[in-house]
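Hi there,

Here is the structure I promised to pass on. My notes on one pair of helices follow below it.

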Amino acid sequence: MNTEKTKMHFTDPYLISPTNPIAVNLIGAGGTGSKVLTALMEMNHSLTALGHAGLSVRLWDDDIITNANLGRQRFAPSEVGLYKSVALINRANRFTGTNWKAETVKFVKDSFGKLPSNAKASIYITCTDSVKSRFEIADILKYSNQRHHRDDPKYWMDFGNSQYTGQVILATVGEIPQPKSEKFETVERLPFLTEEFGELLQESETKDDTPSCSLAEALEKQDLFINSALAQMGCSLLWNLFREGMTENRGFFLNLKDFRSQPIGVG
């Protein structure tokens, strides 16, 4: 009797037992990104306590903190006028003793098609509100994986949301070699968000995405807890990659209005 095997993706071995902290590019330091950074702080502390080399995070954002950011994002009134990335990374480093880095520029190619310096990382996490930026990052990652360096891109995790709903999608950059398994059907490639949901992303671009001038206006566009709910669930998926060394899900859809979540399998 033939039984269908569960599809499973095994984590790239370097992430499980690295010789140096895993380089992570966190792109976007707003409602979701500021909370993902907190989760990465907790993850780093837990990994190092378990004998892992931990994480080395570089946060990219060129936005300045305004009064409208207070309350829904992790900023204090005393930080208004500072770069989001600098305020968050300074706080993280003081709190945990890390040496993480802040970048006050957008994560984009310049007019000559070159990447910013220090742009290489094993894991890319995007928390942007721009469809254009997702396609730009997909294009960057598509042509950047040479598998010659420990920090070559391996995974891309994207966070996206509307007022009450959102999704987190994990993708591999290229193919991750999989071990032989009699129990599971292994999956070496997880598709980019832009490949699988490109048309939906393009449609969503037609909505108003102008910056909010107040917290009240911001809450009309995004519910107070949608960002933090996505951050916790998405980082739980990333944590499982490290701790379990495998995953049968590559993301999920979340509806906070009626408290429903739907996992997305790896195959």
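Is the crossing of α2 and α3 left-handed or right-handed? The crossing is right-handed, where right-handed means that the near helix is turned clockwise from the far one by less than a right angle, and left-handed anticlockwise.

First, the ground rules. This is a predicted model, with local features needing pLDDT of at least 70 and side-chain atom pairs counting only at pLDDT 80 or more, while totals for chains, interfaces and linings use all residues. Residues are numbered from 1 along each chain as its sequence is written, and side-chain values use heavy atoms, leaving out hydrogens and water.

The axes (lines fitted to C-alpha atoms over the stretch in contact, with angles from 0 to 180 degrees between N-to-C directions) come within 11 Å and cross at roughly 20°. The two helices are therefore roughly parallel, a label for angles under 35 degrees.

In the contact (heavy atoms within 4.5 Å), Ser34, Leu37 and Met41 of α2 meet Leu88, Ile89, Ala92, Phe95 and Thr96 of α3. By class, that contact has six nonpolar, two polar and no charged residues; Ala, Val, Leu, Ile, Met, Phe, Trp, Tyr, Cys and Pro count as nonpolar, Asp, Glu, Lys and Arg as charged, and the others, Gly among them, as polar.

After α3 comes Gly97, with a positive phi near 75°; α2 is followed by Gly51, whose phi is positive, near 90°.

Best wishes

Key
Helices (H or I, at least four residues) and strands (E, at least two) are DSSP runs, numbered from the N terminus. Angles under 35 degrees count as roughly parallel, over 145 as roughly antiparallel, 65 to 115 as roughly perpendicular and the rest as oblique.
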